[in-house]
Amino acid sequence: MSTVAPSIFSIETKDLNLWYGSFQALKNVSVNIRHGQISALIGPSGCGKTTLLRCFNRINESYGYVTTKGEIKILGQNIYTPDTSLIELRKAVGMVFQRPNPLPISIYENVVFGLRIHSSYGTLKKSKLDDAVEKALREVSLWDGLKDRLHTRATTLQLEQQQKLCIARLLPLKPEIILMDEPCSALDTEATLGIEELMLSLAGRYTMLIVTHNMAQARRVSQECAFMLLGEVVEHARTEDLFLTPREPRTADYIEGRYG
Amino acid sequence: MNDHHAVFQATPLTRRKQCSEVIAMVVFLLMTSLIVLPLLLIVGYLVYQAWPILSLDFLLTSPKHGMRAGGIWSPLLGTVYLVVLSLVIATPIGVLAAVFLNEYARDNWFTRIVNLAVINLAGVPSIVHALFGLGAFVLFAGLGKSILAASLTLAIMTLPVIIASTNEALAAVPMAFREACWNVGATRWQTIRHIVLPNSMSGILTGVILQVSRAAGETAPIMFTGAVFFKAIREGHLFAYGLFDQCMALSMHLFTISTQVPDVPKALPYGIAVVLLSTVLAVNALAIIVRVYLRSRKKW
Ligand SMILES: Nc1ncnc2c1ncn2[C@@H]1O[C@H](COP(=O)(O)OP(=O)(O)O)[C@@H](O)[C@H]1O
Ligand SMILES: [Mg+2]
């Protein structure tokens with residue numbers, strides 16, 4: 001993943017189709033996600049947002065019964081070529097889940113988990129790990145609150161902190177892309193605003209793709225927005241345009257709350 | 001005012017409901033106590049009958065005078081050998097097989113056959129295991145009647161249960177933890193080693209420990225494969241049996257002196273029963289302690 005992406009897009013899909021068994025969850029999805037921006041993915045539940053997101057780091061394949069057809073390019077490289085290393089792909093494409101899922105180990109170990117598993121035993125210096133923890137936690141503005149209890153269990157944190165920790169956990173691996181699947185749906189309003197602020201502060205350094213069912217959130221954080229319905233991308237435009245002057249009647253129906 | 005009062009007066013119907021509520025609770029309580037009662041009665045009766053003979057000497061001396069006197073050292077040591085060896089064989093195989101089935105295998109015809117085999121193997125009567133052990137280990141593999149052959153037979157018997165309990169313990173680890181690991185590029189093995197196994201250890205250990213009492217209690221599987229009625233060994237010596245020796249065992253010894261030997265003092269078989277039972281209870285208690293201890297350390 002070291003070659004420079006020739007295009008302005010971090011993620012490009014072409015005619016992507018996906019089946020769970022015989023059920024088609026994605027239909028001819030062709031969508032390009034701009035580099036270094038926050039893009040949002042909206043749509044009623046069950047329309048395939050999570051499925052699409054999980055294609056981008058090929059985590060869908062952990063189910064044995066998934067078939068994928070079409071092309072996905074991440075940073076200009078086709079990720080379905082046989083020489084694609086899932087390990088390298090997932091280092092570059094991090095993911096944050098709907099329910100915060102910190103590992104049941106300490107805060108410190110959660111942050112360095114990625115570093116530890118990607119380096120051979122005994123080659124990591126403690127000072128390097130300490131630096132990585134401080135840097136990552138500062139980036140998600142958890143450092144000041146947590147620096148004195150780095151060795152308590154991550155699962156004892158409040159949900160907002162847990163979700164921020166899950167983001168921090170990706171950072172030491174220097175990902176290019178961060179995928180977030182309804183990262184605020186388990187949080188209250190205030191915590192949601194906290195996470196949104198964090199997203200905005202990370203924008204520019206990472207390409208972010210946020211799935212949300214909260215249209216106000218999409219408007220607040222994203223520059224581009226794609227609307228999905230029944231496995232298809234119906235419309236993809238600048239967020240302002242999509243919400244103010246949708247081209248498709250189905251998009252208009254959705255954002256005016258007529259279904260979903 | 002009066003009107004308000006009357007609203008909360010129990011009508012005859014509600015009074016009848018309250019009455020049946022009390023009756024129901026008493027019946028349930030009685031039934032629940034009935035579960036505990038037999039255990040208390042059995043333990044009480046055994047200890048009462050065995051009381052005259054129970055002492056440390058009873059554990060540490062071998063049977064004497066045609067097994068009519070002395071203690072139970074040689075069968076006790078034999079049982080320890082059989083249990084430890086069988087679990088040393090069965091645990092790694094069972095745990096690794098369960099890890100494969102749960103963490104690596106896709107849902108296909110092969111895993112379905114294996115799971116079916118595990119379930120059916122768990123239901124095979126122990127006497128059938130005994131015959132299999134006799135054929136496979138004693139005769140075919142040429143191990144003869146020996147501690148090794150008997151332990152292998154016990155291992156086959158405990159294996160499916162260890163696989164099943166390990167499976168359950170692994171399945172209890174939330175999928176979200178695995179996905180969190182895969183998403184930072186961890187391999188399956190790294191995920192298993194760092195997250196899945198540490199968090200399912202209490203369940204796995206409990207399953208294994210509970211098999212101790214099962215292996216210690218069974219008579220049939222060892223009768224044809226390695227256990228003998230009587231064998232003289234050096235007292236007070238922990239390595240008195242060799243791997244290819246035959247040995248005595250508590251369950252078998254109890255059977256022998258209760259049915260095959262005349263004029264055995266009455267307290268003797270009860271003494272053996274008490275030792276067997278307390279082993280089982282102690283092991284179960286240990287399983288509970290391990291479980292509680294490891295549970296208290298993990299929270300999610
Ligand atoms: N693991 C799965 N197995 C089978 N069907 C699935 C699976 N995950 C999702 N689906 C189906 O695929 C469709 C899209 O689901 P999903 O991507 O989760 O939608 P969204 O995230 O937009 O709510 C739904 O109809 C859902 O039932
Ligand atoms: Mg979803």
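Contact here means heavy atoms within 4.5 Å. This is a predicted model, where local features need pLDDT of at least 70, side-chain atom pairs count only at pLDDT 80 or more, and totals for chains, interfaces and linings use all residues. Residues are numbered from 1 along each chain as its sequence is written, chains are lettered from A in the order in which they are written, and side-chain values use heavy atoms, with hydrogens and water left out.

**View 1. Ser251(B) and the residues around it.** Ser251(B) sits in helix H11 (residues 250-259) of chain B; helices are DSSP runs of H or I with at least four residues, strands are runs of E with at least two, and both are numbered from the N terminus. With 7% relative accessibility, Ser251(B) counts as buried (buried is under 20% relative accessible area, exposed over 50%, partly exposed in between, using a 1.4 Å probe and protein chains only). Setting aside neighbours within four places in sequence, Ser251(B) is in contact with Ala216(B), Gly217(B), Glu218(B), Thr219(B), Ile222(B) and Leu276(B).

**View 2. Tyr45(B) and Tyr270(B), ring to ring.** A search of the whole structure turns up 7 aromatic pairs over all chains. Rings of Phe, Tyr and Trp (its six-membered ring) pair if their centres lie within 6.5 Å, and planes under 30 degrees apart are stacked, over 60 edge-to-face, the rest tilted. Tyr45(B) and Tyr270(B) make an edge-to-face pair, at 5.7 Å centre to centre and 85° between the planes. This pair ties together distant parts of the chain: Tyr45(B) belongs to helix H2 (residues 12-50) and Tyr270(B) to helix H12 (residues 267-297), 225 residues apart. Tyr45(B) is partly exposed, at 44% relative accessible area.

**View 3. Trp109(B) against Phe110(B).** Here the ring centres of Trp109(B) and Phe110(B) are 6.3 Å apart and the planes meet at 85°, so this pair is edge-to-face too. Trp109(B) counts as exposed, with 65% relative accessibility, while Phe110(B) comes in as partly exposed at 42%.

**View 4. Stepping back to chain B.** Chain B has 12 helices and 2 strands, in the order α-α-α-β-β-α-α-α-α-α-α-α-α-α from the N terminus. Its C-alpha trace spans about 90 × 60 × 35 Å along the principal axes. Buried residues account for 43% of the 300 residues in chain B. Of the contacts between residues at least 6 apart in sequence, 76% join residues at least 24 apart.
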